[in-house]
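Here are my notes on the model, point by point. Please read them with the structure open.

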Amino acid sequence: MSQTTAPAIHIEGARKAYKPIVGAPSREAVADVSISVAPGTIHGLLGPNGAGKTTTIKMLLGLVRPTAGMFRILGEDSTLPAGRRGVGFMPEQPYFPQHLTAAHALKLYAQLSGVPSSEIAGRTSALLERVGLAGRERSTLSTFSRGMLQRLGIAQALINEPTVVVLDEPASGLDPVGQRDVRNLMLSLRDSGVTVLLSSHQLSEVETVCDEVTILNAGRVAAKGDLDTLLDIEGRTSIRARGLGDSLPSTLAEHAVNVAVSGGVWVFSVADDAVRAAVDAVDDAGGRIEAIAPMRDSLEDYFARLLAETAGEVGAR
Amino acid sequence: MMQRIWPIALGVVADSLRRKVVYVVLVFAALLAFAIPSLPDYGLGVESAVFREVALALAFVTALVVTLSLAANRIPGELERRTVYNVVAKRVSRWEYLVGTWLGVFLVAGGVMAAFTVIEQVIGLITYGEYMWLLWEGALAIWLEMGVVAAFAVAVSAITGPVVVVTATLTALFIGHSRSTLLGGEGALALQPFMPSLDAFNVVNPVAHGDGVPPLYLASMLVVFLGLAGTSLFVGSALLSRRDL
């Protein structure tokens, strides 16, 4: 991807302070958040509860008035209605008027999005099928389960065939099959050139689909970048070997850390400059190397460590 | 603009039509309307005039209950249930959302007025053998007043909950019909032009006892409606646009 490509989503210096009553001290929900999302990518927005993810998204979409900051989607000010023409949004746990049928609801949102009347019926059928609600066009939403409403929420976000989609916890309330469907949907959106901003608590989902992430903590950006860069542990290499018996040879044990064994397969890490010695030690012990790769953290571990590291900074504010 | 306001209004109408309050109020009002002829006569030859007067009062109360019950709760309910996110996150301005909501309530109030006026006509025809066409003028006046009431209620509901909305709207309605009482003294007469009044919509005398409302008066009533409802919606839009959702 070209570095000069204009970002599909650009947030600069976002800040939101709430002042509950006159005279009371203001509370900053978002302190200073800047996010840039390249076109055609999936960007994850991570953070613990209260980190400012949803507030940032709401500011981006004009639902909450920012105290400061610049918000652009496809180069236009997204806090204004005209700047949201090519945007689809699924709020966390979407709610709908219960008396509507699925088809009526999508028709309403299509009309509000400016979809030509002649295209609404076709898009409604196609989208309901795409989100797994085929045949439920005439069902009243009061009969829908939590997961079905979630799927409908995704459908209404896509009704205007958006170029940019903002999804707030899209897999929340879905069963494992539904979660997989959502992941596949996001990947197919990316494949068709759509930019996705995904706010999620589900780290496995983020790790699977996101090209880049921004991690928020207490209203600030704690880390951001592409996942490979964030998760690779600098200076260490992970080795996977088989045929080493019940214990590591002593020459290898002195280099290896994070050792795990299962089903005769040993996994451990060594310092980069000890890789040659470790490989020789495996050979000498009659073992077989199955994989050598830069050591990579799991997103879950990285996330937990990052939050622990930034906890002091947050408390000091 | 209208392609966004109109679907919102129709959504309000569809939602309102499934609410029992609309039908319950209408049924009770119809029952009361059927009981009007049993009221003590005020004198030979004026029974039908009394019927028209009481019918207009009943129509006003009916329309007020329906309008307030719909207008006071619509926006606070949508904010609480977060159904509003799916609307205003699209390319819908908040003022369009507010005006669409008002328009929906206004249309429902119009439907209720029309239904009730038909009932009045039937009762009038059966009881007095008269087609009381003038009641339609009264219904129009009440409908327009309900448009103002709905606009005020929707505007207040942009920043507060249903209880406050109902209280504020009833207070405004009382004040709106009390200009001559509140500012009737010589010292306060000069203030009258600055006090919005709903008296323009009071057409009971010409409809119940006279020959109806002149076209020019109907036109001026429409201007008052546009002015008051427009001002309320403008203020409501400003309030809603400053609110965090």
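1. Polar contacts. Between chain B and chain A there are 14 residue pairs in polar contact, both residues at pLDDT 80 or more. A polar contact here is a pair of N or O atoms within 3.5 Å; within protein, one must be able to donate a hydrogen and the other to accept it, and residues adjacent in sequence count only if both atoms are side-chain atoms.

2. Elements at the interface. On the side of chain B that touches chain A, the elements giving two or more residues are α1 (2-17) and α4 (85-88) of chain B. α1(B) gives the most, with 7 residues. Helices are DSSP runs (H or I, at least four residues), numbered from the N terminus. By type, the residues of this side divide into 9 nonpolar, 6 polar and 11 charged. Ala, Val, Leu, Ile, Met, Phe, Trp, Tyr, Cys and Pro count as nonpolar, Asp, Glu, Lys and Arg as charged, and the others, Gly among them, as polar.

3. Basis. This is a predicted model: local features need pLDDT of at least 70, side-chain atom pairs count only at pLDDT 80 or more, and totals for chains, interfaces and linings use all residues. Residues are numbered from 1 along each chain as its sequence is written, chains are lettered from A and ligands numbered from 1 in the order in which they are written, and side-chain values use heavy atoms, with hydrogens and water left out.

4. Contact and area. 26 residues of chain B are in contact (heavy atoms within 4.5 Å) with 26 residues of chain A. The area buried between the two chains is about 2,400 Å², and carbon and sulfur atoms give 55% of it. Buried area is the accessible area (1.4 Å probe) that two parts lose on being put together, summed over both. N86(B), K90(B) and R91(B) supply 29% of the area that chain B buries against chain A, more than any other three residues.

5. Salt bridges. Between chain B and chain A the count is 1. D244(B) and K16(A) meet in a salt bridge at 2.8 Å, N to O. Within chain A, R123(A) and E119(A) form one at 2.7 Å. These two residues are 4 apart in helix α3 (residues 117-130) of chain A, so about one helical turn separates them.

Note on methods:
A salt bridge is a side-chain nitrogen of Lys or Arg within 4 Å of a carboxyl oxygen of Asp or Glu.
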